[in-house]
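Good morning, and thank you for making time for this item.

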Amino acid sequence: MELWNSTLGNDFILMGILNDSGSPELLCAIFSVLYMLALTSNGLLLLVITMDSRLHVPMYFLLGQLSLMDLLFTTVVAPKALVDFLRQEKTISFGGCALQMFLALTLGGAEDLLLAFMAYDRYVAICHPLNYMILMRPRVCSLMVATPWILASLNALGHTLYTMHFPFCMSRQIRHLLCEIPPLLKLACADTSRYELMVYVTGVIFLLPPLFVIVVSYMLILFTVLHMSSNEGRQKALVTCSSHLTVVGMFYGAATFMYVLPSSFHSPKQDNIISVFYTIITPALNPLIYSLRNKEVMGALQRVLGKCM
C-alpha cells in the first residue's frame, strides 16, 4: 500500500460527527449555540474575576485559569468543525493536524492537573481556614497555574511529534471531530502497539494521580463539613464542592473513556460523541455550573455589568 506523510502538502480529511449525523444542519445549529455560550460564559467569568477585586483570591484565580483553558480548548475545535461543514470543506493540512493535536493535548492535560489543584485549594479553605492565606500564598498559586501548563505542553509536544512521525496509508479519512492520537494511529501503516501502550501509560499517569488527589481532598472535606456546627457554613461548602465535583465527573469520565480504555472498547461513533462532550459541551457548561449557585460570582457580575452600563 502506498504511503504518504513526507510533505506538508498532504492533507487529512476530518470526517467528524457533523458529516456522520442524520440531521447535520440541526447538529450544526446546536454546536453553534454551545460554542457561543462557551465564548460568552467563559469570557464573562474571566472579565468578572479580573475586574472585581473581591474575587482576587486563590479560588477564583484558579477558576479563571479553568475558564481560559475551556475557552481556548473549544476554540481549537469548534470553529474549524463548523466552518468546514458550512463550506463543505473537510480537509486539514498535515501541519494543521499536528498543531490541533498539540493544542488539544496541552489544554486537556493542563485542565486535568488544574482540577486537582482546585480540589486542594478547597481542602485547605475548608479544613485549614486559619492557614489558608499562608498555604495558598501568591507564589504557591502561581506555581499551581504554571505547573499544569508546563507539564501538559511537554507531554503534548512529545506525543504530537511521535504520532506524526508514523507513515500513514493512502486512506486519509480521520473518523473523528479533531486530530487526536487514537483515530490517527488507526491510519498508520506501521506497528503502533508499543506506542499505544505508552499512550495508555501516560494517560493513566496524567489521570489517576490527580484523580486520587481530588478523591482524597473531598473525602477529607466531607468529613470536616459533617462536623461543622454552622448550617450556613456547611451549606456554602457543599454548594462549592458539588459544583467542582460535577465538573470533575464530566471531564474525567470523558478523558478516561478516550485515553485509558482500550480501543476495542469503543467505536469511532462513540469517540466522536465523547470528543464533542469534552471539547464543546463541557466548556459551555463549566462556567454555568460554577457561577449560577455562587452568590459571590453572581454579585460580582452584577457589579461589573452595573459599571459598564
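I shall take the nonpolar cores, then the aromatic pairs, and then the helices.

This is a predicted model, in which local features need pLDDT of at least 70 and side-chain atom pairs count only at pLDDT 80 or more, while totals for chains, interfaces and linings use all residues. Residues are numbered from 1 along each chain as its sequence is written, and side-chain values use heavy atoms, with hydrogens and water left out.

Let me begin with the cores. A nonpolar core here is a set of buried Ala, Val, Leu, Ile, Met, Phe, Trp, Tyr and Cys residues joined through side-chain atoms within 4.5 Å; buried means under 20% relative accessible area, exposed over 50%, and partly exposed in between, with a 1.4 Å probe and protein chains only. Which residues touch the most other members of the largest core? They are Phe12 and Leu184, in a set of 49 residues. Contact means heavy atoms within 4.5 Å. Beyond its neighbours within four places in sequence, Leu184 has contacts that include Phe12, Cys97, Met101 and Phe168. A second, separate core has 46 residues, among them Leu66, Ala116, Ala152 and Ala300.

I turn to the aromatic rings. Rings of Phe, Tyr and Trp (its six-membered ring) pair if their centres lie within 6.5 Å; planes under 30 degrees apart count as stacked, over 60 as edge-to-face and the rest as tilted. The structure holds eight such pairs. Phe12 and Phe94 are stacked, because their ring centres are 6.1 Å apart and their planes lie at 20 degrees. This pair links distant parts of the chain, with Phe12 in strand E2 (residues 11-14) and Phe94 in helix H4, 82 residues apart. Helices (H or I, at least four residues) and strands (E, at least two) are DSSP runs, numbered from the N terminus. Phe12 is buried, at a relative accessible area of 0%, and Phe94 is buried too, at 11%. Ring pairs join Phe12, Phe94 and Phe168 into a cluster.

Helix H4, residues 94-127, also holds Thr106. Is Thr106 buried or exposed? Thr106 is buried, with a relative accessible area of 7%. Setting aside residues up to four places away in sequence, Thr106 touches Trp149, Ala152, Ser153 and Ala156.

Finally, residues of helix H3 (residues 58-87) and helix H10 (residues 268-291) meet: Leu66 and Phe73 are among those in H3, and Tyr278 and Pro283 among those in H10.

Key. Axes fitted to C-alpha atoms, helices over the stretch in contact; angles between N-to-C directions.
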